[in-house]
Amino acid sequence: MKTHLVTICFLICRTKRGSGKKLASRMAETDAKGAASDARSGKMIYEPILEEGVFRFDCSSDDRKAAFPSLSFVDAKVRDTSLKSEKAPSYLPTFECSQGQQIVQLELPVGTSFYGTGEVSGPLERTGKRVFTWNTDAWGYGPGTTSLYQSHPWVLAVLPDEKALGVLADTTRRCEIDLRKESTIKFVAAASYPVITFGPFGSPTDVLVSLSHAIGTIFMPPKWSLGYHQCRWSYASAERVLEVAKTFREKGIPCDVIWMDIDYMDGFRCFSFDGQRFPDPKSLANDLHHIGFKAIWMLDPGIKCEKGYFVYDSGTERDVWIKTANGRPFVGEVWPGPCVFPDFTQSKARSWWANLVKIFISNGVDGIWNDMNEPAVFKVVTKTMPEDNIHDGDPELGGRQNHSHYHNVYGMLMARSTYEGMKLANENRRPFVLTRAGFIGSQRYAATWTGDNLSTWEHLHMSLPMGLSGQPLSGPDIGGFAGNATPKLFGRWMGIGALFPFSRGHSETDTIDHEPWAFGEECEEVCRLALKRRYRLLPHIYTLFYLAHTKGTPVASPIFFADLRDARLRTAENSFLLGPLLIHARALHLYSTSPAKGVDQIPPLLPKGLWMSFDFDDAHPDLPALYLRGGSIIPVGPPLQHVGEANPNDDLILLVALDEDGKAGGVLFEDDGDGYEFTRGHYLMTYYTAQFESSVVTIKASNSEGSWKRPRRRLHVKLLLGGYAMIDSWGTDGEDVQIKMPCENEVSNLVLMSQKQHKTRIVTRSPWAHKSLLLSADTAKRIPEIEATAGKKGTELSSTPIELKGGDWFLKVVPWIGGRIISMEHQPTVLDVRLLSSALESLCGALHLWSLVTGLQWLHSRIEINGYEEYAGTEYRSAGCTEEYAVIERDLKQAGEDESLLMEGDIGGGLVLQRCISIPKTEPKVIRIESSIIGRNVGAGSGGYSRLVCLRVHPTFALLHPTESFVSFFSIDGSRHDIRPDSGEQSYEGDDRPNGEWMLVDKCLGVSLVDRFNINEVHKCMVYWGTGTVNLELWSEQRPVSKRSPLTIFHEYEVRVN
């Protein structure tokens, strides 16, 4: 949540280069499991497991025996038990084993699309992406961040024939999932581990259902947990908590839950309460319960290392702490200071924690929030504990192992312990646990969220594909955790976030207030409308969760699930499905930095079939559009203020959309909303049908299950006609209701009239509405177009190029997206030209040479792409390439400079990318560029360290003579390298790096562009040849930065005669 260091990705890279090792030899249990060290490869062997269509693959029978127990399967024995089946798998993976690493590749038909890989940022379709499963505290992550808080070594493949296949690498270790090669899945992890395939089956849903039979389904959430949640780091006192809760009720904004972050604790000691600010938590809980609120409180794994602190003392007495390699309890710094960490791989530690939770619940605690459980550790580069720490795991989990084996499941095991403690406290209440870290299978115990996101339009967009990655009860921090949202951003985020499976607003300390009323009355009204929608739809959402719990079907899914034939839908990210309900975020901006005009003009991309548009008379340009699939019925309730207001006798509304055959069907699940009586048959499941015959639509409860008595209530049926038109009828639930269908002309007129009324409501609420409409409209006010806060005083922001002229050089720089140098032209003095002409006259005509040398443009690009730019990560398009750069200073007051420019761009997470360009008077033939990633405003955690970043200088040079150009250098070890265009991409590290200088040579002209750099600042050099271009990249090391420890690369360019 709050630590601002990222992860251990550099160790991932090290492992990939072959330095990954098996567990320490002193651990006999582990040595017995090591696979043969000799390199080997081939096709994997297989056997059917679990059910028809599911196969387990291993490199050999010995590897099958060497594999660790499964921690993803509900029952590890199921994975290890072969079934009798004559069916063979459709696709056979191959393997390579070398130096302790197992590489598995599965080639699928061309045209296959990839999804899954769990909670990672970036696009919904994972094709072309690479992910590393290593649970990481990734505050301020970006679209290219490869490791976040959870690990799901799982890929869903949608094949060209519209079937789907699931692939699971069943390993808890760091695993590389490489989907960059077309139609190929590649896993790389420590040997030995099995790969499990599910299918091919007829649909992605069938695959997910089969997967749930292995890893389990979502726990059945209490109904109140599906309402809206309000959180902040932190509400500083019990009085402030009650003030926020009462304001929700006073303003008529629905909400069910208030959250308490770590500041409720006494000195950040878990299971304690601050005596001044939260002196009586039980009284606070009672006050909240009285007005319909539940209270959720945070528990972290770091336990303050302090004698006399009851949690530390009891844990020490029971010997439950993770140990260092020398056998002593590991101590790492987190919020309380020096901390020890429970070893949740031991049953005695889980039992100890569960009993602490049981006692904690007696304070009126309704739910528990497990944070920092990657586990995060402050003031270390890896941002977690050492990999050689020791876990004394239970034999069924894998026994005594290093932390590298259990790291990715630590959060899941903590969530399991918390869940079990809540059940101990009250067996008649369903636990609610939220966990930040998790593993595939953790949905059995906890909900999750997408971590420490940012208050930006980009993160709003990313929240949709991240929410569709496979966790049933998941959602983002609405409005963004870090940074200040604007009214427009917050309103639109609430519009879509109110319909995510898990809906919570959360914000970081030192940001402005982010409650729904904090952004003005216009935004407040949008939030009120959005949350009323959620509460109307709760009967439908709750039913979806029951089906997910009992059958393994998804709650939210991408829209291509509804139509696998339409290839366009496979990358659609601005819409999603809640069962047959389609939510189209027409006000969502694709990777933009500010809202687009005319958002309602963005048309939805709908799957095949009939899709009936509707709303609740709440149309607004900042709310998503709603569509119900033809052939569907969904239940709807009243717009409650909280779930506890519901009465079984409340009117029930059915929204009905007929298909082409005049039929529709749907289901409603009802029970007490909490407890486990539903497992004993005390529930009511009603199957509703609709049939159009002889101009009449008849709606009936065709079937029901369960012993729960049907409430005596009115039934209000609304038949959707399309274009926001509907006709309705009233009746009694359980009895037939009939609606006489108007004639075709009447239906057309109803649709036209409804469309006109809807358009009027949208237009009058939009910021571009005609004044006459605004004056006559009795509708909600629009959210004002107030966007990003002003930059630093004196900064300059423009898309107009700035020109730098000095010495031999003429540069054009755009202080805009990416801050690119778009032109780098060499203009030597007359004397230099004459010398060049004399030296090269034998190669080219003097007149032609003169024209080239006097205006040789080594670099030129468009404003928005390529040119000279920097990135802040190892991914191809990481932070830095799309951010806005501002000019900080022109003509720096430093002696000896002819021309200079200092500019910087905010790359999120408290970091800025800064570049200083200068042409010194004393050396007019040289361009000097100093680039840095600086920790300008990194958060309070981790000693002020940022996420893991890599400064990557990325110039794209133009080739005047591509066939006569090459890159040349001498490496540190003394060897010469001449790299030509047919070599593709080449990278150089260690002693293979250029020894402080490399050059782009044009043989035809006889000149070279020399790039000199500080070898101590450059960790890797990369050459990539494009069409008529070449990239000469300089990479720094990859590490966190702070204010005092920036990443910097200083280098200079000069043209030299060969």
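Student: Which two strands form a hairpin, and how many residues are between them?

Tutor: The hairpin is formed by S9 and S10, with 5 residues between them. Glu162 in the turn has a positive phi of about 75 degrees. Keep in mind that this is a predicted model.

Student: How do you know that strand S9 and S10 pair?

Tutor: Two strands pair if there are at least two bridges between them. S9 (residues 154-158) and S10 have 5 bridges, in the antiparallel sense, so they count as paired. In one of these places, Trp154 stands opposite Leu168 in S10.

Student: What other strand pairs with S10, and in which sense?

Tutor: Strand S13 (residues 195-201) pairs with S10 in the antiparallel sense, over 5 bridges. Val167 has Thr197 in S13 as its bridge partner.

Student: What makes S10 a mostly covered strand?

Tutor: Count its buried residues: 6 of the 6 in S10 (residues 164-169) are buried. Ala164, Gly166 and Leu168 point one way, while Leu165, Val167 and Ala169 point the other way. In a regular strand the side chains alternate between the two faces of the sheet.

Student: Why is Glu374 called buried?

Tutor: Buried means under 20% relative accessible area. Glu374 has 1% relative accessibility, so it counts as buried. You can find Glu374 in the loop between strand S20 (367-370) and strand S21 (390-392).

Student: What does Glu374 touch?

Tutor: Not counting residues up to four places away in sequence, its contacts include Asn135, Tyr149, His407 and Arg436.

Student: Why is the approach of Glu374 to Arg436 called a polar contact?

Tutor: The cut-off for a pair of N or O atoms is 3.5 Å, and one must be able to donate a hydrogen and the other to accept it. The side chains of Glu374 and Arg436 make such a contact at 2.7 Å, so the distance falls within the cut-off.

Student: Is Glu573 buried or exposed, and how do you know?

Tutor: Glu573 has 13% relative accessibility, and the limit for buried is under 20%, so Glu573 counts as buried. Glu573 lies in the loop between strand S29 (556-557) and strand S30 (575-578).

Student: Which side chain makes a polar contact with the side chain of Glu573?

Tutor: That partner is His461, at 2.7 Å.

Student: What makes S29 an edge strand?

Tutor: Start with the open sheet, where 5 strands run in the order S29-S30-S31-S33-S32 with antiparallel pairing. S29 and strand S32 (611-614) are the edge strands, as each pairs on one side only. S29 pairs with S30 over 2 bridges, and Ser557 stands opposite Leu577 in S30.

Student: How many of the lining residues are nonpolar, polar and charged?

Tutor: By class, 16 are nonpolar, 7 polar and 10 charged.

Notes
Residues are numbered from 1 along each chain as its sequence is written. This is a predicted model: local features need pLDDT of at least 70, side-chain atom pairs count only at pLDDT 80 or more; totals for chains, interfaces and linings use all residues. Side-chain values use heavy atoms; hydrogens and water are left out. Ala, Val, Leu, Ile, Met, Phe, Trp, Tyr, Cys and Pro count as nonpolar, Asp, Glu, Lys and Arg as charged, and the others, Gly among them, as polar. Helices (H or I, at least four residues) and strands (E, at least two) are DSSP runs, numbered from the N terminus. Buried means under 20% relative accessible area, exposed over 50%, partly exposed in between (1.4 Å probe, protein chains only). Contact means heavy atoms within 4.5 Å.
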